[in-house]
Amino acid sequence: MDFDQLYLHSKNLLSKYGKADKSSLTEDRKIVWIGKQPLFTKKMEIAGHDDQVIKAIATEIYPTHDYILICGGNTEINPHRDATYALPEAVSINLGGMAYFDHEDGCKWLKHGDVTAFNCKKLHAILEADLDRISICIWRKNPKW
Ligand SMILES: [Fe+2]
């Protein structure tokens, strides 16, 4: 996988289609849902942006995934557990800048090209992040949602 190309492609998607994230856990974060977007409060999903490059990479990393979220801007996020839409097994791809990933099971600095599988039902956060950092998060839908 060419992470430099993936970074540039994601950056382009964010600049064209990125929307302000309304989450209270973040500030100045831009997001694009690829494929499908879960609407947390309404317990339903709508179409996201269609992008074959991102879908192919997500399928390679997490073949049974349902949701893909690209985040840019200020990607710092306060400690939280991901909501009921998702199963515990989540994967993140760290691109561009560095980020400090804080997780109940252990903390680490993420660098360009790091792919991290983690349990999203345990407390996690991004406590520091470079402003040129982009993350791609991939989840599988919780069938009970
Ligand atoms: Fe999360």
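**Entry 1: Lys11**

I began with Lys11, which is partly exposed, because I count 17 other C-beta atoms within 10 Å, and a buried residue would need 20 or more. A reminder to myself: this is a predicted model. Lys11 sits in helix α1. Which residues does Lys11 touch, once those up to four places away in sequence are left out? I found Gly72 and Ile134. I also looked at Arg133, which is 122 residues from Lys11 along the chain, yet their C-alpha atoms are separated by 9.4 Å.

**Entry 2: helix α1**

Next I checked the length of the helix that holds Lys11. With 15 residues at 1.5 Å a residue, α1 should span 21 Å, and I find its end C-alpha atoms 20 Å apart, which agrees. Then I went looking for its buried residues and noted Leu6, Tyr7 and Ser10. They lie on the same side of α1, because the arc they cover around the axis is only 100 degrees. Turning to the other side of α1, I listed Asp4, Gln5, Asn12, Ser15 and Lys16 as exposed. What covers the buried residues of α1? The cover includes α2, β5, β7 and β12.

**Entry 3: the sheet**

I followed the strands next. Six of them form an open sheet in the order β1-β2-β5-β12-β7-β10, with antiparallel pairing. At the edges I see β1 (19-20) and β10 (114-119), each of which pairs on one side only. I took a look at β7 and β12 as well: their antiparallel pairing runs over five bridges.

**Entry 4: the cores**

Last, I turned to the nonpolar cores. The largest has 23 residues, and Ile68, Ile70, Ala90, Ile136, Ile138 and Trp139 touch the most other members. Two or more residues each come from α1 (3-17), β2 (29-34), α2 (52-61), β5 (67-73), β7 (89-95) and β12 (134-139). Which element gives the most to this core? I noted β12, with five residues.

Leaving aside residues up to four places away in sequence, Ile68 touches Ile34, Gly35, Ile54, Ala58, Ile136 and Ile138. There is also a second, separate core, made of six residues, with Ile77, Ala99, Phe101 and Leu110 among them.

Note on methods
Residues numbered from 1 in each chain as written. Predicted model: local features only at pLDDT ≥ 70, side-chain atom pairs only at ≥ 80, totals over all residues. Core = buried A, V, L, I, M, F, W, Y, C linked by C-beta atoms within 7 Å. Buried ≥ 20, exposed ≤ 12 C-beta atoms within 10 Å, placed from the backbone. Helix = DSSP H or I, 4+ residues; strand = E, 2+ residues; numbered from the N terminus. Contact = placed C-beta atoms within 7 Å. Pairing = 2+ DSSP bridges. Expected span 1.5 Å × (residues − 1). Arc of directions from axis to C-beta.
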